[in-house]
Amino acid sequence: MHYTELTNDQVVEILKHYDVGRFLSLQKLKGGYANSNVKVLTTSQAVLLKVCNEKPPVILKKQTEFLLEMQRAGIYTAYPIRKTDGTFVYQGQGITAMLYDFLPGHIPSPMTHEQLAQVSAIQAQFHSLPLIQELPPLAMGAAEIIPFLDEI
């Protein structure tokens, strides 16, 4: 998996399609298996820019439908941000990308009992959602997971 490096000019062009303020800065984030993730600071907020390295737009559309179901159910996670035309997926400059709410924080290690209880409650909510058909299975064998774990 390669990481897509973005220039400031590319990010400015992407942001033109969203109502999130003007570009100030970007910060490459570690992790991500099928996406290159960048924190973008604008004049009005911080957003997560995901460059979708592997997923075609039809799959992104299905995943977005599922995230919107999660939002309706009140499950706490980063949600996609609509473009000014009402859609979610940016395609241009040879890039397929989406913007999401940026949720600051870190992965706690080790997790406390309270944190584990919170994760369990969210998982219970998640498992009560209706299935979204046509999502492909994520095949992540050892050959794919080891470079991912090394990255994070």
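The side chains of Lys 16 and Glu 13 meet in a salt bridge with an N to O distance of 3.2 Å, a salt bridge being a side-chain nitrogen of Lys or Arg within 4 Å of a carboxyl oxygen of Asp or Glu. Lys 16 is exposed at a relative accessible area of 57%, whereas Glu 13 is partly exposed at 26%; buried here means under 20% relative accessible area, exposed over 50%, and partly exposed in between, with a 1.4 Å probe and protein chains only.

This is a predicted model, in which local features need pLDDT of at least 70 and side-chain atom pairs count only at pLDDT 80 or more, while totals for chains, interfaces and linings use all residues. Residues are numbered from 1 along each chain as its sequence is written, and side-chain values use heavy atoms, with hydrogens and water left out.

**Overall architecture**

The protein has 4 helices and 5 strands, which follow the pattern α-β-β-β-α-β-β-α-α when read along the sequence; helices (H or I, at least four residues) and strands (E, at least two) are DSSP runs numbered from the N terminus. Of its 152 residues, 34% count as buried. The protein exposes about 9600 Å², of which carbon and sulfur atoms supply 56%, with accessible areas taken from the Shrake-Rupley method with a 1.4 Å probe and, for residues, only the protein chains shown counting as cover. Among contacts with a separation of 6 or more, 55% come from residues 24 or more positions apart, where contact means heavy atoms within 4.5 Å.

**Strands 1 to 3**

Strand 2 (residues 35–42) pairs with two neighbours, and two strands are taken to pair if DSSP finds at least two bridges between them. Strand 1 (residues 23–28) runs antiparallel to strand 2 and is joined to it by 5 bridges; Phe 23, for instance, has Thr 42 in strand 2 as its bridge partner. Strand 3 (residues 46–52) is also antiparallel to strand 2, with 7 bridges between them, and Leu 41 has its bridge partner, Ala 46, in strand 3. Strand 2 is mostly covered, as 6 of its 8 residues are buried.

**Nonpolar cores**

In soluble globular proteins, nonpolar side chains tend to be buried together. A nonpolar core is defined here as a set of buried Ala, Val, Leu, Ile, Met, Phe, Trp, Tyr and Cys residues joined through side-chain atoms within 4.5 Å. The largest such core holds 18 residues, and Val 40, Leu 49 and Leu 99 touch the most other members. Helix 1 (8–15), strand 2, strand 3 and strand 5 are the elements that give two or more residues to this core. Leaving aside residues up to four places away in sequence, Leu 49 touches a set of residues including Leu 6, Val 11, Ile 14, Val 40, Ala 97 and Leu 99. A second, separate core of 15 residues includes Leu 48, Leu 68, Ala 78 and Tyr 79.

Leu 67 lies in helix 2 (residues 57–72) and is buried, because its relative accessible area is 16%. Beyond residues up to four places away in sequence, Leu 67 touches Thr 77, Ala 78, Tyr 79, Pro 80 and Tyr 100. Its C-alpha atom is separated by 8.6 Å from that of Thr 77, a residue 10 places away along the chain.

**Surface features**

Glu 5 is exposed at 55% relative accessible area, and Lys 28 is partly exposed at 48%. Lys 61 and Glu 65 are separated by about one helical turn, because they are 4 residues apart in helix 2. Salt bridges that share partners join Lys 61, Lys 62 and Glu 65 into one network.

Tyr 76, Leu 103 and Ile 122 form a nonpolar patch on the surface, with about 290 Å² of accessible area together. Patches are made of residues with over 30% relative accessible area and no salt bridge, like charges being joined within 9 Å and nonpolar side chains (Val, Leu, Ile, Met, Phe, Trp, Tyr) within 5 Å. Leu 103 sits in the loop between strand 5 (95–101) and helix 3 (113–127) and counts as partly exposed, at 34% relative accessibility.
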